[in-house]
Amino acid sequence: MIRPLDPAADRAALVQMYQATSDYWALDRLDFDAEALATEFLTDAPPNCDPAQSQRLGLFQGAQLAGVAELSFGFPAAGDAYLGQMMFADWARSQGMGAALLAEVLARARAKGCTNIYLGVLDTNPKGRTFWQRHGFADTGLSRVDTDGGVTKTLRRLHKAL
């Protein structure tokens, strides 16, 4: 089941899921604080996006949170959608849930009238990049290098027309 996350009711499940994704977070930062990451997921948005308009979705397998996606509107430009994060607990990967959650995200972006969707993928995440390319996302040629959380990383922007 895919549904919007409730910041109060689903916070503990989000923290637990983040704790089951430590391999991903190791690509992104040296210090891993699931509580802080949950707060960021539930409140943050890209530049020029209203966090209150962002959609934070959870994919549940039974009562357990298996994956999450954060969809914002208006970045990088008006009429665009931005998938700020989509990830799954270790135990939920390679079971077709990514395609199901992505289909829901794309349907929601289209329903909001968006004509493009963008996301960023870390160079150190080749499995993620392969997933996105398999689902029609292409490299825009834009990238940025960040040093955040003690790790220097390159984030590449990918795009898909809706």
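Reader: How many aromatic pairs does the structure hold?

Author: The model is predicted, and the pairs are counted from the positions of its rings. Phe-75 and Tyr-82 form one of these pairs. The structure holds, in total, aromatic pairs to the number of four.

Reader: Is the pair of Tyr-18 and Phe-41 stacked or edge-to-face?

Author: The ring centres of Tyr-18 and Phe-41 lie 6.4 Å apart, and the planes meet at 85 degrees.

Reader: What is the angle between the planes of Phe-75 and Tyr-82?

Author: Phe-75 is buried, as is Tyr-82. Their rings are 5.2 Å apart, centre to centre, in an edge-to-face pair. The angle between the planes is 80 degrees.

Reader: What is the omega of the peptide bond that joins Phe-75 and Pro-76?

Author: Pro-76 is placed in the loop between β3 and β4. The bond that joins Phe-75 to Pro-76 is a cis peptide bond. Its omega is about 5 degrees.

Reader: Over the ring of which residue does the charged end of Lys-112 sit?

Author: The charged end of Lys-112 lies 5.3 Å from the centre of an aromatic ring. A separation within 6 Å is required for a charge to sit over a ring. The ring in question is that of Phe-73.

Reader: Which residues of the largest nonpolar core touch the most other members?

Author: This core has 25 residues. Elements that each supply at least two of its residues are β2 (55-61), β3 (64-73), β4 (80-88), α4 (97-111), β5 (116-122) and α5 (126-134). α4 gives the most, with six residues. The members that touch the most others are Leu-83, Met-86, Leu-102, Ile-117 and Trp-132.

Reader: How many residues does the second, separate core have?

Author: Nonpolar side chains in soluble globular proteins tend to be buried together. In this model, a second core is separate and includes Val-15, Met-17, Trp-25 and Ala-38. Its number of residues is 17.

Reader: Why is β5 described as largely enclosed, and how many of its seven residues are buried?

Author: Ile-117, for instance, touches residues including Leu-71, Leu-83, Val-105, Phe-137 and Leu-162. β5 is largely enclosed by the rest of the structure because its buried residues, out of seven, number six.

Reader: Do β4 and β5 run parallel or antiparallel?

Author: Four bridges join the strands β4 and β5. β4 and β5 run parallel.

Reader: Which residue of β7 is the bridge partner of Tyr-118?

Author: β5 is also joined to strand β7 (residues 151-161), by seven bridges. These two strands run antiparallel. In β7, the bridge partner of Tyr-118 is His-159.

Reader: What separates the C-alpha atoms of Asp-123 and Arg-156?

Author: Asp-123 lies in the loop between β5 and α5, and its relative accessibility of 37% makes it partly exposed. Neighbours within four places in sequence set aside, Asp-123 is in contact with Arg-129, Thr-154 and Arg-156. Asp-123 and Arg-156 are 33 residues apart along the chain, and their C-alpha atoms are separated by 7.0 Å.

Reader: Is Asn-48 buried or exposed?

Author: Asn-48 is in the loop between α3 and β2. Its phi is near 65 degrees, a positive value in a residue other than glycine. With a relative accessibility of 72%, Asn-48 counts as exposed.

Reader: What is the phi of Ser-94?

Author: Ser-94 occupies the loop between β4 and α4. Its relative accessibility is 81%, so Ser-94 counts as exposed. Although Ser-94 is not a glycine, its phi is positive, at about 60 degrees.

Note on methods
Residues numbered from 1 in each chain as written. Predicted model: local features only at pLDDT ≥ 70, side-chain atom pairs only at ≥ 80, totals over all residues. Heavy atoms only, no water. Core = buried A, V, L, I, M, F, W, Y, C linked by side-chain atoms within 4.5 Å. Buried < 20%, exposed > 50% of the residue type's maximum accessible area, 1.4 Å probe, protein only. Contact = heavy atoms within 4.5 Å. Pairing = 2+ DSSP bridges. Phe/Tyr/Trp six-rings, centres within 6.5 Å; stacked < 30°, edge-to-face > 60°. Lys NZ or Arg CZ within 6 Å of the ring centre and 35° of its normal.
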